[in-house]
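Here is a short briefing on one protein chain. Keep the sequence and the 3D view open as you read.

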Amino acid sequence: MTWVAACEEAYGRLPEVWFTDENGTIDSAAHNRYQETGQVWASWKCSPAGGGGDTCPEPAE
């Protein structure tokens, strides 16, 4: 089962918020594709962002 199918089974169809960027703008093409096909194509920047007091824990010995 894909994560989309599992999520839909547990919570229903994905809401529009899943298709918004950091500014709250809806990616209409992605949302429409999901509505028509049930497919979600995702991409995002997945890198650490410094600031805000975030730190990495020291490895356990």
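Buried means under 20% relative accessible area, exposed means over 50%, and partly exposed lies in between (1.4 Å probe, protein chains only). This is a predicted model, in which local features need pLDDT of at least 70, side-chain atom pairs count only at pLDDT 80 or more, and totals for chains, interfaces and linings use all residues. Residues are numbered from 1 along each chain as its sequence is written, and side-chain values use heavy atoms, with hydrogens and water left out.

**Overall make-up**

- The chain holds 2 helices and 0 strands. Both element types are DSSP runs numbered from the N terminus: helices are H or I with at least four residues, strands are E with at least two.
- Of the 61 residues in the chain, 11% count as buried.
- The chain exposes about 5400 Å², and carbon and sulfur atoms supply 53% of that area. Accessible areas come from the Shrake-Rupley method with a 1.4 Å probe; for residues, only the protein chains shown count as cover.

**Nonpolar core**

- The largest nonpolar core has 6 residues: Val-4, Cys-7, Leu-14, Phe-19, Ala-30 and Tyr-34. Helices α1 and α2 (28-37) each supply at least two residues of this core.
- Such a core is a set of buried Ala, Val, Leu, Ile, Met, Phe, Trp, Tyr and Cys residues joined through side-chain atoms within 4.5 Å.
- Cys-7 sits in helix α1. Its relative accessible area is 17%, so Cys-7 is buried.
- Beyond its neighbours within four places in sequence, Cys-7 is in contact (heavy atoms within 4.5 Å) with Gly-12, Leu-14 and Trp-18.
- Val-4, with neighbours within four places in sequence left aside, is in contact with Leu-14, Tyr-34, Gly-38 and Val-40.

**Salt bridge**

- General point: side chains of opposite charge can pair when their charged atoms come close.
- The rule for a salt bridge asks for a side-chain nitrogen of Lys or Arg within 4 Å of a carboxyl oxygen of Asp or Glu. By this rule the count is 1.
- Glu-8 and Arg-13 form a salt bridge, with their closest N and O atoms 3.3 Å apart.
- Glu-8 has a relative accessible area of 23%, so Glu-8 is partly exposed. Arg-13 is also partly exposed, at 45%.

**Start of the chain**

- Thr-2 lies in the segment before α1 (3-11).
- A polar atom of the Thr-2 side chain is 3.1 Å from the backbone nitrogen of Ala-5. A polar contact is a pair of N or O atoms within 3.5 Å; within protein, one must be able to donate a hydrogen and the other to accept it, and residues adjacent in sequence count only if both atoms are side-chain atoms.
- Thr-2 and Gln-39 are 37 residues apart in sequence, yet 10.0 Å apart in space, C-alpha to C-alpha.

**Surface patch**

- Trp-3, Val-17 and Trp-18 make a nonpolar surface patch of about 360 Å². Patches are made of residues with over 30% relative accessible area and no salt bridge: like charges are joined within 9 Å, nonpolar side chains (Val, Leu, Ile, Met, Phe, Trp, Tyr) within 5 Å.
- Trp-3 belongs to helix α1. Trp-3 is partly exposed, with a relative accessible area of 45%.

**Helix α2 and beyond**

- His-31 lies in helix α2. Its relative accessibility is 12%, so His-31 counts as buried.
- Leaving aside neighbours within four places in sequence, His-31 is in contact with Glu-16, Phe-19 and Ile-26.
- Ala-29 is in helix α2 as well. At 52% relative accessibility, Ala-29 counts as exposed.
- Ala-29 and Phe-19 are 10 residues apart along the chain, and their C-alpha atoms are separated by 9.2 Å.
- Gly-38 lies in the segment after α2. Gly-38 is partly exposed, with a relative accessible area of 27%.
- Apart from neighbours within four places in sequence, Gly-38 is in contact with Val-4 and Arg-33.
- Gly-38 and Ala-5 are 33 residues apart in sequence and 8.6 Å apart in space, C-alpha to C-alpha.
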